[in-house]
Amino acid sequence: MAVDERKLEEARKPGFGLGLLKGMAVTLKHLFKHNTVIQYPDEKQDLPARTRGVIALKEENCTVCMLCGRECPDWCIYIDSHKETLAPKREGGRPRKRNVLDRFAIDYALCMYCGICVEVCPYDALFWSREFEYAEYDIRQLTHEKEKLSDWMATVLPPPPLEEGAELPGAPAETATAAGAAGAGSAQRPSSPAQDTAVEERPQQAAKTPEAAAASAPPEALASESQRSAGEVQPTGAGAAQAPTEQKSEAAVGDTTTAEPQQEIGAAGEQSDAVKSGSERTPSKPERKEAEAAAEPQGAGGSRGGEEPQAVYERVLQEQRDRGSSPQVAEARAKVARVKAERGLRSAVAPAPAAKPVPSAPQQTRPSEPESSGAPEASGPEPEPGPVAPTEEEATPAAQSEAEEATPAEQPQEEGTSPESPEAGASAAPQTSAEDPEAVYERVLAEEKAKGSSDAVATGRAKAARVRAQKGTKGPGG
Amino acid sequence: MPEIALTAWQILIVKVLVILMVVPMGAIVGGYAEHKVMAHLQHRLGPMYPGGFHGWATTLADGIKFLYKEDIIPDAADKRVFSLAPAAIMVPIIMIYLVIPMDESLVIEDLDVGIFYLLAISSVSTIGVLMAGWSSANKYALIGALRSAAQLIAYELPVVLSAAAVAMLAGSLSLVDIVRAQDWMFILWPPGLGLALFLVFVTGAIAEMTRVPFDMPIAESEIITGPFTEYTGMRYIFSHMFAEMGHLIAFGGIGATLFLGGFQPIVPWEPLEVIPGIVWFLLKTFFMIFLFLWIRPTFPRVREDQLQKFAWKFLIPLSLVLILLTGAWVLYV
């Protein structure tokens, strides 16, 4: 206070009326400054991407979970839906129930633009758009029904790029690994960490699975066996691919640099190795590298199929200590690894049935350039384990996830399509509703990354694809 | 060029028409200038649409709008006084223009007592303001009118005293003679003293015009345009808009005449004599008007008691001192 008064005194000192002159100088300066006024209806400001203009609805992403409506402080979201019973996916299965959105309306006369609904939506069905010119003469017109809300989707911008050094959404190294190891049900992006873990696992896997791989066992048995051996990391990828194509894959993998040590061991090991080599050949994704670098210890602990959880715990603990982690961190990571291992044992068997190896998927026509074929079509369902070995090319993350898509439902179609047209097969793949949502997620993610999309965009699109796959709908965004 | 012979009556009609044109046209142009200058001083654009080019027709459209507005006289109002007040405000303002010399010979009436007439007539419009405020039967209007009268009494003195000092310097009450006496503008010579007189004059003039920062009588945020609260349509234009702009231009002209050398060049230098006197006069008037417009968006409104204190405790003693100094200058320099 005293300081302020002294300052005021100082300011008053120079002389009577000088302050007035200073003020006049300020306004005069403004008279000659360049005017920055934007003449609104004629010129429009380029609003930032996060502008809260209007809320757009991506209808096909909406699962009628009602979270938005419940969280809305103004209760301005109206949702009506009914349940629909769908035929069982498989013969003898249970009929599935699905929510069908009948009405989704936002009353913008009530809305206070808090954005909670957008935040809370777990399926990315609500987005902010920058449009704001939707004033109406009639207040009732301000209630936008789902058609209108869907129309706003066209105006939604992709999210702005993350800031320098920002934590990647959903995939910081640790959590990504955890998610990858936690199993197919996880919503994280498991592809890259999964590969890491696969690499880590090699010795153990090799030890456990030679019989499974070498023997041309019945497909189911083989699949489940390899499933277990590979852990849930690549539940179907390794299992599905290896059975009929053992020698070929061996040969194919043979010419990759990292594959040599594993030549003599089982196909499962090779398979994961192929994956590894493929992923190594695409080092341009920073995220991947990051995950690779940071996730190893956890990954190693996380998903060793046959390992006892307690053993995993001990091993990870030791690793962490070796790395110089603090005791608390080491212990925590070891515990995480143990939990993951436990879950892995339980869940490893579950996805097996879906991983029936393909009897004879035509593989010869596969284009042989891998990452450059990052185009969605090229990395479609080709990597399906055919008689021909999956070469290292398709052992990209995409390919790996593709392998998971070798679900029974898809197979007939695959066979039916011309072997010479991979695109046909590829385009068929996303439409087949039997594709596992998680696999779709990984595939789309890999595709987006290959296309060079930013991480945020890639994740967003992958999520959307997963949701579409879950709902069995096909979105406009592809 | 043939001589155009006009009878005295014809000349009178022309003069009256000219004067009657000056105020509304000045109000339209000045109003637009005020909009734009104020806007740019505040880093805005001001009106941009009416008329197409930078909103040149804004004030014209305003005027037409006011023409079509309903003329309302409140029930409780003293109707005759209420309707006469705008005329009582406007006529003295128009009459100020009678004596302002725009060029050596371009003056409607070169009165011998020009400056005396000027100061007398410029205060008369306050009677109209009082009439308006009193007859409106409205508390805000009454408060505004009384404030206006009090302000006029307080600030008329500095204006009169500084104008008297100018008359002393020029040795004449005729405005044309005062201009002729300014080989060097009075604002420059006598040094310092002239500038001080000018500042006193400007301060007093702003207060007399009830412009910001001395616009307490018509403070829209507390007494809703004061005496003009109840006025609508054309009466409002005449009593407030035209009066304000007419006052502004008149005081611009008076300031230019008394302190800036009127139709004389800014410095006594031969080549500058080529430029006609009316150009000099208009340039100086525009400068004065710009000064008034410049002050308006710069300063906040002064409180009523501060306003009175400033006049009685500072400005009037100061102008008395300046009169003394001027007398000394005239006697001994």
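**Entry 1: chain B overall**

Among contacts in chain B between residues at least 6 apart in sequence, what percentage join residues at least 24 apart? I looked this up and found 78%. I note at once that this is a predicted model.

Next I went through the secondary structure of chain B. I counted eleven helices and zero strands. Read along the sequence, I get the pattern α-α-α-α-α-α-α-α-α-α-α. I also checked burial. Chain B has 333 residues, and 45% of them count as buried.

**Entry 2: two helices inside chain B**

I picked helix α5 (residues 139-170) and helix α7 (residues 193-208) of chain B. Their axes come within 8 Å and cross at roughly 150°. An angle over 145 degrees counts as roughly antiparallel, so α5(B) and α7(B) are roughly antiparallel to each other. I noted the hand of the crossing too: α5(B) passes α7(B) in a left-handed one.

Which residues meet here? On the α5(B) side I listed B:Q151, B:L152, B:Y155, B:E156, B:P158, B:V159, B:S162, B:A163, B:A165 and B:V166. On the α7(B) side I listed B:L197, B:V200, B:F201, B:T203, B:G204, B:A205, B:A207 and B:E208. I then sorted the residues of this contact by class. Twelve are nonpolar, four are polar and two are charged.

**Entry 3: where chain A meets chain B**

How many residues does each chain bring to the contact? I find eleven from chain B and ten from chain A. On the side of chain B that touches chain A, the elements giving two or more residues are α1 (8-41) and α10 (277-298). I see that α10(B) gives the most, with three residues. By class, this side of chain B has six nonpolar, four polar and one charged residues.

I followed α10(B) across to its partner. Helix α2 (residues 18-32) of chain A packs on α10(B) at an angle of about 100°, with the axes 9 Å apart. That angle makes α2(A) roughly perpendicular to α10(B). From α2(A) I listed A:G23, A:M24, A:T27 and A:L28. They meet B:W294, B:P297 and B:T298 in α10(B). By class, the contact of α2(A) with α10(B) has four nonpolar, three polar and no charged residues.

**Entry 4: a strand in chain A**

I turned to strand β1 (residues 54-57) of chain A. Which way do its residues point? A:V54 and A:A56 point one way, and A:I55 and A:L57 the other way. I checked burial for these residues, and all are buried. The strand has a partner. β1(A) pairs with strand β4 (residues 126-129) of chain A in the antiparallel sense, over four bridges. Opposite A:I55 I find A:W128 in β4(A).

**Entry 5: one glutamate in chain A**

My last stop was A:E448, in helix α19 (residues 437-451) of chain A. Is A:E448 buried or exposed? I found 22 other C-beta atoms within 10 Å. A residue counts as buried with 20 or more, so A:E448 is buried.

What does A:E448 touch, leaving aside its neighbours within four places in sequence? I listed A:S453, A:V457, A:A458, A:R461 and A:A462. I also looked up a distance to A:G460, twelve residues apart from A:E448 along the chain. The C-alpha atoms of A:E448 and A:G460 are separated by 9.9 Å.

Note on methods: Residues numbered from 1 in each chain as written. Chains lettered and ligands numbered in written order. Predicted model: local features only at pLDDT ≥ 70, side-chain atom pairs only at ≥ 80, totals over all residues. Contact = placed C-beta atoms within 7 Å. Nonpolar A, V, L, I, M, F, W, Y, C, P; charged D, E, K, R; others polar. Axes fitted to C-alpha atoms, helices over the stretch in contact; angles between N-to-C directions. Parallel < 35°, antiparallel > 145°, perpendicular 65-115°, else oblique. Left-handed = near helix turned anticlockwise from the far one by under 90°. Buried ≥ 20, exposed ≤ 12 C-beta atoms within 10 Å, placed from the backbone. Pairing = 2+ DSSP bridges.
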